[in-house]
Amino acid sequence: MAEKDTYLIDGSNRRWFLKQSSALTGLLLAPPLVATSAQSTQRQPTVPPSGKRAITLRINKKTYKIDVEPRETLLDVLRERLDLTGTKKGCDHGQCGACTVHVDGRQSNACLMLAVMHQHQEITTIEGLAPSKSQLHPLQAAFVKHDGYQCGFCTPGQIMSGVAIIRQGHANSPDEIREWMSGNICRCAAYRGIVEAIGSVQKEGKTV
Amino acid sequence: MAKKLIGDPIDRIDGTQKVTGSARYSADVKRPGLVHGVLVMSTVANGTIQTLDTTETLRLPGILAVMSHTNAPKLGGMDKNKSGETASDRVLHVFQDNLVHYNNQPIAMVIADTFEQAVEGASLVRVTYATEPVKPGLPTSTDKPLTPPRLPRVDDQVDTTRGDVKKGMAGAASTLEATYKTPTQFHNALEPHAVLSFWEGDKLTMYTTTQGISGYQKRVAELFGMPKENVRVITQYLGGGFGSKGTTFSQAMLGPMAAKLVGKPVKLVLKREHMFGMVGSRSATVQTMNVGATADGQLTAMTHDTLAQTSAFDEFMEPAGTITRMLYACPNLATTHKFIKANVGSTSPMRAPGEAPGVFALECAIDEMADKLKIDPLQFRLKNYAEEDPHRNRPFSSKSLRECYQQGADQFGWSKRAKQPRATRDGNYLVGMGMATTVYPVNRGESTAMVRLNTDGTVRLETGTQDLGTGTFTIMNQLAAEVLGLSPDQVTLGAGDSKYPEAVGSGGSRTTVTTGSAVTQAAQEVLKKAKKMAYSDKKSPLYAVAEAEIEAKNGRLESKSDPKKGESFTSLLKRNGNKPIEATTLSKSGAEKETHSMSAFGAIFVEVRVDEALGEVRISRMLGNIAAGKIVNAKTAKSQILGGMVWGVSMALHEYAALDTRNARIMNPNLAEYHVPVNADIRDIDAIFIDEADETVNPAGVKGIGEIGIVGTVSAIANAIYHATGKRHYDLPITVEKLIG
C-alpha cells in the first residue's frame, strides 16, 4: 500500500513545491520582502521556461501529441486543451478528488500532476471508462441506480476512485469502501448512495 | 383514483450525462477565442487601494489586460448596487472605486490567453493600501448591535412579543438561560463559481453558475443599466449551490465586464480560496435562550435573542429566531434580532438560513429543559405540541409531526434509551441517543411554465428553472406526466436558460413548491382543453362525456366508469386539426397564504459514540422522519434529506471558518483545513417520508425538502452527545478539544 501511495504523495509534493515557489517568486519581486527571503532564494528552482515542449500523451487508448508548457497540469491539459471536461476542478490542490483519473491504473489527482511528466503512461478519464458510447460501465450504471450523486460535479472523480478500489480489492465491506473513498468529497453528501453503488458492483463480481 | 403521495423513485433524467462526464457545467463550455480571467484579491480588510502596479504582469506574454478600478467599464446601474428587499440582492464589488471592505475582496482581474498566464499574471500585481482599523466579526466584535431593517423573508417581523414573558417566567417552576454560539460557515459547493461571458453587440450571453437564472438576468441587466432582454443566462448543469449561487455576487458582473474590456469571450472561474468571502457566508451567531416551564412540563415562557453579523457595507440578518415563534404552544414569548457590522464579505443565505443555527439553539434548550424536569425529551415536545401556529394564529395546512415522532421513535428504538445521561458504555465509547424536531416553512414565489401536448402524444415542457442537483429537471417531468397520464420519459424539458418562461430562484426550498405548481397547473390546463375537445367532438368516444368523468391514463383519455370508452391523445388531436394543445401558466400563492400556516415537519434521531480520551465522536446511526406533503420522487427526495442531514453533521461537528481577528482574514480557506464530512464520517443513515396529503398548500401538494434535513440534525447530535457524556455543548462545532475530558 505504501509503495502505491508514494507516487501520489511525491506528485503532491512536487506540485506543492512549484506552487509555493512561484508564490515565493512573486514575493521576491516585492521590494520590502527581499531582505527576509534569502533562504527561500536558495530553494527556488529555475523559473519554468515559457517555451513549450512537444509531448505525447496516451489518454483513453488514444495518442495525443501536443505542445504544452511545462507548468500545465494534467488536469488543465485535459480540460482546456483536449476538451476532456468530464474531469473536474474542485480545488486545484488535491484536497477534493474531483479531478481523479487513472494513471497506469492507479487513481491519481490530475490537478497535482504536470502533463509533461506523464508521457508514456496509460491515462484513463471518465470519458474512457464506458465500453462503448451506448453502454455504461457497470459502476456508472450503479451510480445512476443508487442515486450516488446529486449535482454530479464530484461524480466523475467518485466513479474513477470507485473503479480503482474495486479493482484493487479495497471494496469488500461498506466500512472499507467508506475509508478508501474518503479522498473524494461530495458536498451534496450522497455518501450512502456512493457506498451502495460501489458495494453492488463489487458484490456482483463483474469485471470492472 | 387516489393520488400517489410518494412518487416513483425514477432515475434522474440527466444521470447518464453526469456519470459519463458529458454533462457540461459552466466552466466546461468552450467558445472560439476564449480567454481566461483570474482574480486578484485584497490582503487587507479595511482601507483604500493606493497603488496597483501591473508593470510585471503586463511584461508577461499572453496578458490582454489587468482590469481594476482604474480601467474597469463604468456601470450605468450602480445606484442599484445596494442591499435590496430580497435576500439575493447584496452589495457587489465591481471595481467602480478603490475601497476595500474585507479581506479577500476582489480588486483586480488579469485576463490572458491561457489560464496559466493569467494565474502567473495575477500573482505579480503589486498593491499598496492605506489601511484603517479593522472591525472583526463575531464572537470578538465589540461593535454596537443594531436592529436590522428587515429579515430576509419580507413577511417575517424583526422582533416579536406575545403574551407576558415576565409573568410567564414568574409562573415557571423551572427556568433556564443558555447562550449558543455558531461559527461563520462557507457554502463550498464542489463546483467553484464560474462564468463564461461574451458580447455580440449590446447583447450579452453568460454560461454561469446560478441557482436563479431569472434573478441573475435581472440583476446583471440592472447593474449594467441595460434591458434584461439583452442578457441571456444559461445554467445547464449546476454543481451545487447551497445559497452561494442564489445571490448574484460580484463575479457575475466582473466576468462580462472583462469580456467587454478585451472584446473576447472571457471565462472566469473562482479559485477555492476565493469562495471564502466574495460569494457569501452563513453569519456567525450568538443566541441567548430563556425557557420557563411548569413542573409537569408545560412551557410558560420563552425568549430567543439573536446576535449575528453583517458586512460593513451591507445589512443581511440571519433570521435565527423565526422558528421559535411557531414551533411550540408557548403562551408568552419574545424574539429579537440584532447584528453587528464587520469587515467581512457579505453574510447571506446558506442552506436553511436562520433555521439551522436557530433551531440548534431552540432544540438544545428544549432538550435541556426536559432533562431538568426529568421528562423524556420526546414526551416534553408532545406536551407542548402546537396544534395551530401560535405565532400567526392560523391552522396549519397540514402537520404530521406527531406521526413523525411516533414512527421515528418506533423505528429508532427510542424506548430503549437510558433515562440517565452517561449511562451507556461500549468499550471505550460512551453511547448516547438524541432527537430533535426539524421544520422548514413553505416558501412560494412566482413561476411560469409552458406545457405543450404534441400530436404524437409526447409533451414538451418549458420553464426557466435550474437544477442544483436536487433533481428538479427530473421531477418537473414527473409532475407534468402525472397530470397527463403519461410516462415521464414521454416528456422533454426545456430549462436552465433564460429564454424559457421565467421561474423562481431555487432557494428557500421554493422550486418544487413554486415551479412544480406552475408545471402542474399548466398540465392541468392542457388536460382540460383536451377533455373539452373530446367533449365537443362527435367522432370522439368521449363525446359529451363530462370533464369530471374523464381521466388521463397511459396516453389516453378514458371514461372513469368505463375505461374501454376512450381514445389516445394522438387520435383526438389528429382529428381536431392535427395541432398541439398548449398552455402557459403563471403560478403564485393565493388565499391560503393568509388563511393557513404552511411548513414541513420532521423528527431526527441520532445515536453517537464518544471516546472521551481521544475526543472522538462517531455518529453510529441517524434517522430522519419527514412529512413534507407529496413526495414527487422517492429516490431524489431521499438523497435531498440525507444530504441535508449530513450538512447537520457538518455544522455540529466539523465546519467553521477560522478568523484571524487582527486582520479579519479567514485562515482556512481551502478544503483541507475547512472540514466538511467525507465518506468515512457517515455510517448508518436513513430517511423515511410520512404520507401527507395537503390540498391546501399549493396545486402540486408539495412542501420543500431541500433544507429541512439540516435543521434538526444539528441539535439532535448535540443532544445525543449530552446523553452520551453528560456534558452540554453550546458552541459549534463540537470538535476534539471540546470533547476531551
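1. Helices here are DSSP runs of H or I with at least four residues, numbered from the N terminus. Bear in mind that this is a predicted model, where local features need pLDDT of at least 70, side-chain atom pairs count only at pLDDT 80 or more, and totals for chains, interfaces and linings use all residues. Residues are numbered from 1 along each chain as its sequence is written, chains are lettered from A in the order in which they are written, and side-chain values use heavy atoms, with hydrogens and water left out.

2. H6(B) itself covers residues 251–262. Among the buried ones are B:Met253, B:Leu254 and B:Val262.

3. Now the interface. Chain A puts 52 residues into the contact and chain B 66, contact meaning heavy atoms within 4.5 Å. The two chains bury about 4,700 Å² between them, 54% of it on carbon and sulfur atoms; that is accessible area (1.4 Å probe) lost on being put together, summed over both. A:Gln150, A:Arg187 and A:Arg192 supply 19% of what chain A buries against chain B, more than any other three residues.

4. Charges feature too: there are 10 salt bridges between chain A and chain B, each a side-chain nitrogen of Lys or Arg within 4 Å of a carboxyl oxygen of Asp or Glu. A:Asp83 pairs this way with B:Lys30, the closest N and O atoms being 3.4 Å apart.

Terms used:
Helix = DSSP H or I, 4+ residues; strand = E, 2+ residues; numbered from the N terminus. Expected span 1.5 Å × (residues − 1). Buried < 20%, exposed > 50% of the residue type's maximum accessible area, 1.4 Å probe, protein only.
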